[in-house]
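I opened my notebook to look up a few things in this structure. Come along and check each entry against the picture.

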Amino acid sequence: MAQQVPLVDYLVLGDDPHLVANECTSCGARFFDRRNACASCFGTEFKKADVSPTGEVRAFTIVSFAAPGIPVPFVAAVIDCDGTSVRGNVINTPADPEHVSLGMKVKLATYEVGTDAAGTEAIGFGFEPLN
Amino acid sequence: MASDDIWILGINMTKFGKHPDKDIVDLAAEAAMAALSDGGVTMKDVGVLAAGNLMSAAAGIGQQLQKQIGQTGIPVYNVANACATGATALRTAIMAIKAGETPVGLAVGVEKLSGAGLLAGGARKADSDEWTPSGRYGAVAGVDGRIGTETMPGVFSQVGMEYGHKYGGTSFELFARISEKNHSHSTLNPMAAYQKKMTLEEIMGDVMVAYPNTRPMCSANCDGAAAAVVVSGEYLKTLSLEQQKRAIKVSASILTSDPYQVACQILPDVNTLTRLAATQAYEQAGVSPQDLDLVELHDCFATAELVHYDNLMLCDEGGAVDFFESGATWRDGKTPVNVSGGLESKGHPIAATGIANIWEVCHHLRGEAGDRQIKDAKVGLAHVIGLGSACGVHILERSAA
């Protein structure tokens, strides 16, 4: 199997792909990039926390007009994963309002973004309908 | 008038639209000269200048403007605060007056955006031939379009959809009808970039940018400038009765940023800071939302206008859909919103917007708005939001003089 790297460092690959956040040990606020202090309570201690791979669509848009090179249309969404909001695309379903809806249940899914010159695959994530 | 009140003495906006023969200095100078003339003062009287131009924020538009209309050695503050840049410039001048540094300030906002496409998410770096993690998320390739969207239409579409998820009642057609209202209003505004009435069918059938916002439901990129001369109440007392009569009282001037909310770093929360600014503004001015004769709010997209009915407390919490359905926000309604045509038709030359919306309100309060005059308007509110975020709210009142 080819070598794989995640598209972003908060995506953990393996048998059970999931997202991981930096969680404030004082108030529990979660951030996907580093923080010097918590934006909510100013605490300075953080620990890694796994994010639930299932959730529901809290908001979405179907983008038809994007930068050159980005395939459109695609569904950009905010997914509420058991209390942790995640930004991601809704994938593996047609990008139209008949197939994507507010409150829709989804689960994390990975896909191959591409392969570089060394043969390493970059793996991205999105959310697909649960059913 | 109390000595420590703040007043708008003179104010002006250029026509919004295409100005191919004018650069940002020309446009800023046109608005500034007209605002000074409107107030009956000159650069000699001005003690502080605050100026904003977002797209070339490092260029020092304030000093460039001085070289064009009068260099007197006064302090210049060049400000940049996303789409709240104009309101921030005005508030900077107001703060200098409140601090007692000078009784007269000039605020200017200018932008050239005709022909601009997406202002964010307009380009994504090509993938490299070696996956190397970089940036705050250790990304090995561009994430725009792969992990959500960076485009403004996409972000604000989600803002409107989130409101629908929370309270229900929204639909593509509902958002399009908000746009229909603003395009209808624009037909009475000769300063608007677009004055074309559009049917619901035309709006919904136009090019989809980011569902549910089609092209006419997005703010129009265009050129324009706006400027305001603000003075202390004490200074205004020394001026003519005619100047005092046309002066507009700044009953509240508020600027907020977004306080932490869960998920606000995933999808920008444009709600909490607007509600915070509105609450402070109503308290400072001693007026309630029911007192407002007109509101100019930041309809950068049709989806945004809906949520701001709620955020500015023009309706009950969660009641924005019913409020719009009641007809309240049409120009003959209870609380006319965006009688200028709003950003969707008047246009959105970013840094000019936060002063131009105040010009619109002042125009009505002075009774000078011609065909689109809201009859006997006494109190109005102007709101802008810059993503990131910054929110400016000003409440304005007609002079009692």
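**Entry 1: a residue in a loop**

I looked up B:D21 and found it exposed, with a relative accessible area of 73%; exposed means over 50%, buried under 20%, and partly exposed in between (1.4 Å probe, protein chains only). B:D21 sits in the loop between β1 (6-13) and α1 (24-39) of chain B. Helices (H or I, at least four residues) and strands (E, at least two) are DSSP runs, numbered from the N terminus. From C-alpha to C-alpha, B:D21 and B:V321 are 43 Å apart in space and 300 residues apart in sequence.

A note on the ground rules: this is a predicted model, where local features need pLDDT of at least 70, side-chain atom pairs count only at pLDDT 80 or more, and totals for chains, interfaces and linings use all residues. Residues are numbered from 1 along each chain as its sequence is written, chains are lettered from A and ligands numbered from 1 in the order in which they are written, and side-chain values use heavy atoms, with hydrogens and water left out.

**Entry 2: a covered helix**

Is helix α10 (residues 302-311) of chain B mostly covered or mostly open? I found ten of its ten residues buried, among them B:L306, B:V307 and B:Y309. Just after α10(B), I noted that B:M313 takes a positive phi of about 60 degrees.

**Entry 3: where the chains meet**

How many residues does each chain bring to the contact? I read 41 residues from chain B and 53 residues from chain A, with contact meaning heavy atoms within 4.5 Å. Together the two chains bury about 3,900 Å², 60% of it on carbon and sulfur atoms. Buried area is the accessible area (1.4 Å probe) that two parts lose on being put together, summed over both. In chain B, the residues that lose the most area to chain A are B:W131, B:R136 and B:I266, together 19% of what that side buries.

I also looked for charges and found two salt bridges between chain B and chain A; the rule asks for a side-chain nitrogen of Lys or Arg within 4 Å of a carboxyl oxygen of Asp or Glu. A:D33 and B:R136 meet in a salt bridge through their side chains, at 3.0 Å from N to O.

**Entry 4: strands across the chains**

Strand β6 (residues 54-63) of chain A pairs with β5(B) in the antiparallel sense over two bridges; pairing needs at least two bridges found by DSSP. I saw that B:Y211 in β5(B) is the bridge partner of A:I62.
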